[in-house]
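Student: I would like to learn how to read pockets and ring contacts in a model such as this one. Could you take me through them one at a time?

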Amino acid sequence: MKHAWRRWLAPPAVEGDEDKRRRAAVVNTVVLGSIAFMLIVLLGMLLGGKAPRSVLWMDVGLLAAYVLMHRLLHRGHVGLAAMGLTLIGFTGLTLINMRLGTIRTPTASIYLFIVLMAGAVFQLRGLLTAAAASSLAVLGLIQAENAGLLPRPDYSVGLMQWVTYTALFGLASFLTYQGNQVVRRALARAEAEIEQRKLVEAELSRIAITDALTGVWNRRHFEQTIGAERAKAQRHHTPLSLLLFDVDHFKALNDQFGHQAGDQVLTELARLVGRSLRDGDVLARWGGEEFAVILHHCPAADALRLAEKLRGLVAGHAFDRVGTVTASFGVAELQPDETLDAWFRRVDLALYAAKSGGRNAVRLGA
Ligand SMILES: Nc1nc2c(ncn2[C@@H]2O[C@H](COP(=O)(O)OP(=O)(O)OP(=O)(O)O)[C@@H](O)[C@H]2O)c(=O)[nH]1
């Protein structure tokens, strides 16, 4: 029973079409509001309203028409129900006003609710049409009253006026609240979507500059970074060193243990070295089994010491499946006014010297 009521009150389920779903929710609010409104007005009349009996029957007719619109809506005819609601509201209200004989009663102000309702369902065109139609209806009623075409009006006031005004205020507030909620929900959805996209973009950017195998920076990121680091160091006269290292006899290791074991060595090596660096240092995979490190605020003597420490660390580590692995290191501190190419060449030559000197060694670029 509780379930049936909840289904009756809830907007109809609309698959897929987001705009139709939103319109169905608004029309549902309006149809429920109109039914509630008619019930309140009828209750007010029964409690001692002064409206003519024919107005009471018109109200009952309107209530039945709104219930019919509710059925139409819940059968999926959203547009038809919306149009029906507006026309019934407008025609019914005009007939009631004609029967009351004047527009000088709170009933005339219900046109305002029709305008709000049409605006919520049909947007700007609905607002303009309903406003123009209501204005013309009021003008017509004034002319008709002045020409004596309407029945003699009854100007006495009572509880009925209070009920009508209160119902009107309540419904107008609810419609405004619902409109705000729709906008707020749409904004929240848009914000969540933007956040999600930002996360995806950040992740894509991270992937684009990360080496997929080892998780350290890739060559692209390294090349983007080193130019700026060099410029900064030369401007502020701070020492900056570059370190290149390369696994010894990696081809033989691959041949003996397989490519996968080789991959694992590279991953383990990157982790081992990464743990020994300072926060600002940039460790990147230069290519194949060769890695590069930018060492901030690091003169040649410190870079040499660090390279020696790393060499010992690698040589002393038992790599999974393959055991001992060694690496050779080349180091050079950036000279004042030195170009990137010249600096790199010195580090490369130092690494070459370490290799040709027997490997598992560190050499400083001259
Ligand atoms: N497993 C694995 N092997 C790679 C990867 N990239 C490059 N290699 C291999 O690394 C080997 C490098 O061989 P070389 O340049 O001859 O160097 P090396 O055998 O280490 O000899 P030295 O550097 O002179 O000590 C090649 O066989 C490449 O196929 C990788 O991502 N994974």
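Student: What volume does the largest pocket have?

Tutor: A pocket is an open set of points on a 1 Å grid over the protein atoms alone, where a 1.4 Å probe fits and protein lies on both sides within 12 Å along at least five of seven lines. With grid points joined across faces, edges and corners, and volume taken as the space filled by probe spheres set on the points, the largest pocket comes to about 490 Å³. This is a predicted model, in which local features need pLDDT of at least 70 and side-chain atom pairs count only at pLDDT 80 or more, whereas totals for chains, interfaces and linings use all residues. Residues are numbered from 1 along each chain as its sequence is written, and side-chain values use heavy atoms, with hydrogens and water left out.

Student: Which elements give two or more residues to the lining of the second largest pocket?

Tutor: They are α2 and α6, and the largest share, ten residues, comes from α2. The second largest pocket holds about 420 Å³ of space, and of its 20 lining residues the closest to its centre are P11, R21, A25, Q178 and R185.

Student: Turning to the rings, how many aromatic pairs does the structure hold?

Tutor: Rings of Phe, Tyr and Trp (its six-membered ring) pair if their centres lie within 6.5 Å, and planes under 30 degrees apart count as stacked, over 60 as edge-to-face and the rest as tilted. The structure holds nine such pairs. The rings of F245 and F291 are stacked, because their centres are 5.3 Å apart and their planes at 15°. F245 lies in strand β1 (residues 241-247) and F291 in strand β3 (residues 290-295), so this pair ties together parts 46 residues apart in sequence.

Student: Are F245 and F291 buried or exposed?

Tutor: Buried means under 20% relative accessible area, exposed over 50% and partly exposed in between (1.4 Å probe, protein chains only); F245 and F291 are both buried.

Key. Helix = DSSP H or I, 4+ residues; strand = E, 2+ residues; numbered from the N terminus. 1 Å grid on protein atoms, 1.4 Å probe; cavity = no way out; pocket = protein on both sides within 12 Å on 5 of 7 lines; lining within 4 Å.
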